[in-house]
Amino acid sequence: MMTGGTLTRADLAEALHHEVGLSRTDSSQLVEQILDEMCDALARGENVKISGFGTFVLRDKGERIGRNPKTGIEVPIAPRRVLTFRASQMMRDRIIAG
């Protein structure tokens, strides 16, 4: 089902098709709707929590001074918003169990 060690949207849609019995078109649309809703929530500044899976958290990072490793010149790094993912304990346990 997975292509090259990476789970894709198509893989998720195909799994829905086989497990739930939705048509391939409906499965694909459902995957797109879920991902769109997650993206919209994150764009609004909301965190996204999926019980038993994990939480996507937005963090604001302040301005800081960085250094060019090649030249050693200090440069300011602009403040930015970053997205992090924190896996739930249930997910961590499943990963460790293999």
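**Exercise 1. Is Glu14 buried, partly exposed or exposed, and what is its relative accessible area?**

*Solution.* Bear in mind throughout that this is a predicted model.
- Step 1: Look up the value for Glu14, which is a relative accessible area of 22%.
- Step 2: Compare it with the cut-offs: buried means under 20%, and exposed means over 50%.
- Step 3: Glu14 is therefore partly exposed.

**Exercise 2. Find the salt-bridge partner of Glu14 and say which parts of the chain the pair ties together.**

*Solution.* 
- Step 1: The partner is Arg24, with the closest N and O atoms 3.0 Å apart.

As background, side chains of opposite charge can pair when their charged atoms come close.

**Exercise 3. The structure holds 5 salt bridges. Describe the ones made by Asp60 and by Glu74.**

*Solution.* 
- Step 1: Asp60 pairs with Arg81, and their closest N and O atoms are 3.1 Å apart.
- Step 2: Asp60 is in strand E2 and Arg81 in strand E5, so this pair ties together parts 21 residues apart in sequence.
- Step 3: Check the accessibility of Asp60: with a relative accessible area of 60%, Asp60 is exposed.
- Step 4: Turn to Glu74, whose side chain meets that of Arg67 in a salt bridge at 2.7 Å, N to O.
- Step 5: Glu74 is partly exposed, at 49% relative accessible area, whereas Arg67 counts as exposed at 56%.

**Exercise 4. Which residues make up the largest nonpolar core, and which element gives the largest share?**

*Solution.* 
- Step 1: List the 6 residues: Met38, Ala41, Leu42, Val48, Phe56 and Leu58.
- Step 2: Assign them to elements: helix H2 (24-43) and strand E2 (54-61) each supply at least two.
- Step 3: The largest share, 3 residues, comes from H2.
- Step 4: Beyond its neighbours within four places in sequence, Leu58 is in contact with Leu42, Gly45, Glu46, Asn47, Arg81, Val82 and Leu83.

**Exercise 5. Which nonpolar residues form a patch on the surface?**

*Solution.* 
- Step 1: The patch is formed by Ile50, Phe53 and Phe85, which together have about 240 Å² of accessible area.
- Step 2: Take Phe85 as an example; its place is in strand E5 (residues 80-87).
- Step 3: With a relative accessible area of 39%, Phe85 is partly exposed.

**Exercise 6. Describe the surroundings of Ser27.**

*Solution.* 
- Step 1: Locate Ser27 in helix H2.
- Step 2: Its relative accessibility is 0%, so Ser27 counts as buried.
- Step 3: Leaving out residues up to four places away in sequence, Ser27 touches Ala13, Leu16, His17 and Leu22.
- Step 4: Pick out His17: the Ser27 side chain reaches the backbone nitrogen of His17 at 3.3 Å.
- Step 5: Ser27 and Asn47 are 20 residues apart in sequence, and 25 Å separates their C-alpha atoms.

Terms used
Residues numbered from 1 in each chain as written. Predicted model: local features only at pLDDT ≥ 70, side-chain atom pairs only at ≥ 80, totals over all residues. Heavy atoms only, no water. Core = buried A, V, L, I, M, F, W, Y, C linked by side-chain atoms within 4.5 Å. Buried < 20%, exposed > 50% of the residue type's maximum accessible area, 1.4 Å probe, protein only. Helix = DSSP H or I, 4+ residues; strand = E, 2+ residues; numbered from the N terminus. Contact = heavy atoms within 4.5 Å. Patch = residues over 30% accessible without salt bridge, like charges linked within 9 Å, V, L, I, M, F, W, Y side chains within 5 Å. Areas by Shrake-Rupley, 256 points an atom, 1.4 Å probe, with all protein chains shown as cover. Salt bridge = Lys/Arg side-chain N within 4 Å of Asp/Glu carboxyl O. Polar contact = N/O pair within 3.5 Å; in protein donor to acceptor, adjacent residues only side chain to side chain.
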